[in-house]
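Open the model in your viewer and keep the selection panel at hand. The stops below go residue by residue.

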Amino acid sequence: MKNLSLTAAAILVLLLSCHKEENEYDEKGRGKGFAIKNGKNWYTSTYANNYRPSKNTVTVALYVLNSEGVLREALRFKNLELHEGEKPIEVMHDGLLLTNFGIFYSTILADGDVTGDVYYSPPSNPYNTLTVESYNDDTGELHCRFNAFIVGKPNDPTLPDTLRFEDGWFRVKIIK
């Protein structure tokens with residue numbers, strides 16, 4: 001009886017350790033992200049677009065969908081250079097950042113295609129940094145950490161005029 005119990009326990013351990021590993025990215029390269037947004041945990045999905053091989057840059061979005069699957073908020077890192085190391089997040093105002101690296105956040109209204117309140121990175125702020133921990137040019141996998149303090153003038157009076165993202169990270173796969 002003792003041998004039977006040990007055998008059953010061993011089989012159970014083997015079965016539990018052989019579970020199928022979840023793929024980190026879906027077929028479109030979308031991954032996961034996280035930050036502490038104004039003191040609360042903020043879990044997101046991610047995607048990469050606007051990949052520019054000539055400049056070796058990409059735009060990465062961290063986004064949240066509501067329970068019906070409609071986009072409700074997004075944090076975007078524009079013109080992120082694809083090489084490892086820390087990068088200061090430069091000033092971005094009213095979406096006017098064509099060549100530099102910057103960040104902006106927006107709420108999304110209606111059925112997911114109308115921009116609501118918008119926040120941008122303020123001038124010269126040492127708190128605003130992003131670190132590319134790893135980037136694999138062959139697979140397109142990008143892993144980053146970030147901290148960001150951004151400002152806005154929200155129309156919604158329940159929203160704050162500043163957002164602080166702390167201990168943030170994201171994983172995404174760039175489809176070339």
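Predicted model: local features only at pLDDT ≥ 70, side-chain atom pairs only at ≥ 80, totals over all residues.

Beyond its neighbours within four places in sequence, Phe-170 is in contact with Lys-32, Gly-33, Thr-46, Val-60, Leu-62, Phe-77, Leu-80, Leu-130, Leu-142, His-143, Cys-144 and Phe-146.

Phe-146 belongs to strand E9 and Phe-170 to strand E10, so the pair ties together parts that are 24 residues apart in sequence. Both Phe-146 and Phe-170 are buried.

Now widen the selection to the nonpolar core. The largest such core has 28 residues, and those with the most contacts inside it are Leu-75, Phe-77, Leu-80, Leu-142, Phe-165 and Phe-170.

Next, pick out the aromatic rings. The structure holds 11 aromatic pairs. One to display is Tyr-105 with Phe-165: the ring centres lie 6.0 Å apart and the planes meet at 50°, so this pair is tilted. It links distant parts of the chain, with Tyr-105 in strand E6 and Phe-165 in strand E10, 60 residues apart. Are these two residues buried or exposed? Tyr-105 is buried, and Phe-165 is buried as well.

Thr-107 has a relative accessible area of 12% and, because buried means under 20%, it counts as buried. Draw a distance from the side chain of Thr-107 to the backbone of Asp-117: a polar atom of that side chain lies 2.7 Å from the backbone nitrogen of Asp-117. Which residues are in contact with Thr-107, leaving aside its neighbours within four places in sequence? They are Arg-72, Glu-73, Val-114, Thr-115, Gly-116, Asp-117 and Leu-159.

For the last stop, select Arg-164 and Tyr-127. Arg-164 lies over the face of Tyr-127, at 4.8 Å from the ring centre.

Methods
Residues numbered from 1 in each chain as written. Heavy atoms only, no water. Core = buried A, V, L, I, M, F, W, Y, C linked by side-chain atoms within 4.5 Å. Buried < 20%, exposed > 50% of the residue type's maximum accessible area, 1.4 Å probe, protein only. Contact = heavy atoms within 4.5 Å. Polar contact = N/O pair within 3.5 Å; in protein donor to acceptor, adjacent residues only side chain to side chain. Phe/Tyr/Trp six-rings, centres within 6.5 Å; stacked < 30°, edge-to-face > 60°. Helix = DSSP H or I, 4+ residues; strand = E, 2+ residues; numbered from the N terminus. Lys NZ or Arg CZ within 6 Å of the ring centre and 35° of its normal.
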